[in-house]
Amino acid sequence: KSDPYCIISYENYESTTKVCPKTTEPVWDHEETINIGENGDNIIHIKVMDKDKIGKDELLGITTLDVRQVSKAGLMARVWDNLSQCKSGKLQFSAEFISNQPDIPEEVETDLVKEDKQEPPNE
């Protein structure tokens with residue numbers, strides 16, 4: 001079992017979720033507001049890490065979130081995305097585009113849930 005947490009980064013901004021101890025199916029219920037500049041980067045990076053008491057934390061997987069997709073959709077609810085740089089794993093997130101001006105991305109909010117199963121659960 002792992003002690004997973006996420007590192008969310010965008011340009012010079014970085015945030016970390018709580019650690020979910022001893023699980024392969026963490027639920028973070030993490031909400032993040034990220035200010036997006038008009039000419040800013042288009043990608044939010046999400047690294048899933050395993051917290052280790054001794055030594056360096058281990059990378060469990062990586063995914064990215066394209067700001068342009070969120071802006072176009074307005075709301076992306078409970079989306080599953082495969083993690084890369086690992087054997088298997090998926091991350092579920094929701095993201096919402098909030099703008100004070102049309103066509104200028106300003107904020108993206110994300111909620112994260114990681115799932116190690118191959119297929120998303122049926123709803």
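**Exercise 1. Find out how strands β1 and β2 pair, and over how many bridges.**

Step 1: Find strand β1 at residues 4–10 and follow the chain to β2; the two pair in the antiparallel sense over four bridges. Strands here are DSSP runs (E, at least two residues), helices are runs of H or I with at least four residues, and both are numbered from the N terminus. Two strands count as paired if DSSP finds at least two bridges between them.

Step 2: Look at residues that face each other. Ser9 stands opposite Glu14 in β2, and Ile8 stands opposite Ser15 in β2.

Step 3: Check the turn. The hairpin of β1 and β2 has two residues between the strands, and Glu11 takes a positive phi near 50° there.

A word on what you're looking at: this is a predicted model, where local features need pLDDT of at least 70 and side-chain atom pairs count only at pLDDT 80 or more, while totals for chains, interfaces and linings use all residues. Residues are numbered from 1 along each chain as its sequence is written, and side-chain values use heavy atoms, with hydrogens and water left out.

**Exercise 2. Work out which strands form the open sheet, and in what order.**

Step 1: Recall the general idea: strands of a sheet pair through backbone hydrogen bonds, either parallel or antiparallel.

Step 2: Four of them form an open sheet, β2-β1-β4-β5, with antiparallel pairing.

Step 3: Spot the edges. β2 (13–16) and β5 (58–66) are the edge strands, as each pairs on one side only.

**Exercise 3. Describe the chain as a whole: how many helices and strands does it have?**

Step 1: Count the elements: there is one helix, and there are eight strands. Read from the N terminus, they run β-β-β-β-β-α-β-β-β.

Step 2: See how much is covered. The chain has 123 residues, and 41% of them count as buried (buried means under 20% relative accessible area, exposed over 50%, partly exposed in between, with a 1.4 Å probe and protein chains only).

Step 3: Visit the helix. Ala73 sits in helix α1, residues 67–73, and is partly exposed at a relative accessible area of 47%. Its C-alpha atom is 9.4 Å from that of Ala95, 22 residues apart along the chain.

**Exercise 4. Explore Asp57: is this residue buried or exposed, and what does its side chain reach?**

Step 1: Locate Asp57 in the loop between β4 (43–50) and β5. With a relative accessible area of 19%, Asp57 is buried.

Step 2: List the neighbours. Leaving out residues up to four places away in sequence, Asp57 touches Tyr5, Met49, Asp50, Lys51 and Asp52 (a contact means heavy atoms within 4.5 Å).

Step 3: Follow the side chain. A polar contact of 2.6 Å joins it to the side chain of Tyr5, and it reaches the backbone nitrogen of Asp52 at 3.0 Å. (A polar contact is a pair of N or O atoms within 3.5 Å; within protein, one must be able to donate a hydrogen and the other to accept it, and residues adjacent in sequence count only if both atoms are side-chain atoms.)

Step 4: Look for charge partners. Side chains of opposite charge can pair when their charged atoms come close. Lys51 forms a salt bridge with Asp57, with the closest N and O atoms 3.8 Å apart (the cut-off puts a side-chain nitrogen of Lys or Arg within 4 Å of a carboxyl oxygen of Asp or Glu). Lys51 is partly exposed at 41%.

Step 5: Complete the count. The structure holds two salt bridges; Asp66 and Arg68 also meet in one, at 2.8 Å from N to O. Asp66 counts as buried at 15% relative accessibility.

**Exercise 5. Decide how many residues of β7 are buried.**

Step 1: Seven of the nine residues in β7 are buried, so this strand is mostly covered.

Step 2: Take Lys90, which lies in β7 (residues 90–98). Lys90 counts as buried at 12% relative accessibility, and its side chain makes a polar contact of 3.0 Å with that of Asn82.

Step 3: Find the partner strand. β6 (residues 75–82) and β7 pair in the antiparallel sense over six bridges, and the bridge partner of Asp81 in β7 is Leu91.
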